[in-house]
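Colleague: Hi! Could you walk me through this one? I'm still learning how to read these.

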Amino acid sequence: DAYAVAPVPVCALFAAAMTDVGLLGVARVYYTVFAAPFGHAVAIGDLLLALGTATALLGGVMALLQRHLKRMLAYSVICHVGIMLAGIGLIGAKGLAGAADLLLAHGLLTAGMFLATGICLGVLRSVDELHLHRRGRRLRWLAAFWFAGALGLAGPPYIGTYLGHSLIDDAAAGRAWAPPLLWIA
């Protein structure tokens, strides 16, 4: 709901930086508090992996059900944050590197998509998918921009978030159930 009513520049800032900063806090607390002194690395990692996977799946389903573009992007942020949390939970250099790469690519792409949504809102006075149907014919460049951002977030080979996803998949080598669920999300 915060993303749906906030001004577009605030949404872009939240999506690109503020939401992802929480993940850096989780990683920092884990590696400082739990990694060496208590020996709970596997248990905490499994918890983070499970929570991240559940968050990614729920965010992906909710994004699919939205027709309000800002809400759709907000749930996409939740989905990608879950994938990054799962990467942190894999406890290893590859998982952490994948989460970091995904954080950077996701932040830039999502901020760009929020700015494209702001242009839709400013020019067409709506961000409702059904209301926008056939109204943006003169904004074909904006449609191309939106498509490029969505393609980057989907992560096809060698575009956008692909490297982060592939590193997280490599880090999940011992957990065959995790990569398919994260790709579905």
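Modeller: Happy to; we'll talk about the core and then the helices.

Modeller: Keep in mind that this is a predicted model.

Colleague: Okay! How many residues are in the largest nonpolar core?

Modeller: The largest nonpolar core has 31 residues, and Tyr3, Ile83 and Phe114 have the most contacts inside it.

Colleague: Which elements give two or more residues to this core?

Modeller: Those are α2 (8-34), α3 (41-65), α4 (69-89), α5 (93-124) and α9 (178-184). The biggest share comes from α4, with 10 residues.

Colleague: And what is phenylalanine 114 in contact with, leaving aside its neighbours within four places in sequence?

Modeller: Its partners there are Tyr3, Val8, Cys11, Ala12, Ala15, Lys70, Leu73 and Ala74.

Colleague: What should α4 span, at 1.5 Å a residue?

Modeller: Its 21 residues should span 30 Å, and the C-alpha atoms at its ends are 30 Å apart, which agrees. Just after α4, isoleucine 91 takes a positive phi of about 45 degrees.

Colleague: New topic: how do α3 and α4 cross?

Modeller: Their axes come within 7 Å and cross at roughly 160 degrees. Angles over 145 degrees count as roughly antiparallel, and α3 and α4 are therefore roughly antiparallel to each other.

Colleague: Is that crossing left-handed or right-handed?

Modeller: Left-handed, as α3 passes α4.

Terms used: Residues are numbered from 1 along each chain as its sequence is written. This is a predicted model: local features need pLDDT of at least 70, side-chain atom pairs count only at pLDDT 80 or more; totals for chains, interfaces and linings use all residues. Side-chain values use heavy atoms; hydrogens and water are left out. A nonpolar core is a set of buried Ala, Val, Leu, Ile, Met, Phe, Trp, Tyr and Cys residues joined through side-chain atoms within 4.5 Å. Buried means under 20% relative accessible area, exposed over 50%, partly exposed in between (1.4 Å probe, protein chains only). Helices (H or I, at least four residues) and strands (E, at least two) are DSSP runs, numbered from the N terminus. Contact means heavy atoms within 4.5 Å. The expected span of a helix is 1.5 Å times one less than its number of residues. Axes are lines fitted to C-alpha atoms, for helices over the stretch in contact, and angles run from 0 to 180 degrees between N-to-C directions. Angles under 35 degrees count as roughly parallel, over 145 as roughly antiparallel, 65 to 115 as roughly perpendicular and the rest as oblique. A crossing is left-handed if the near helix is turned anticlockwise from the far one by less than a right angle, and right-handed if clockwise.
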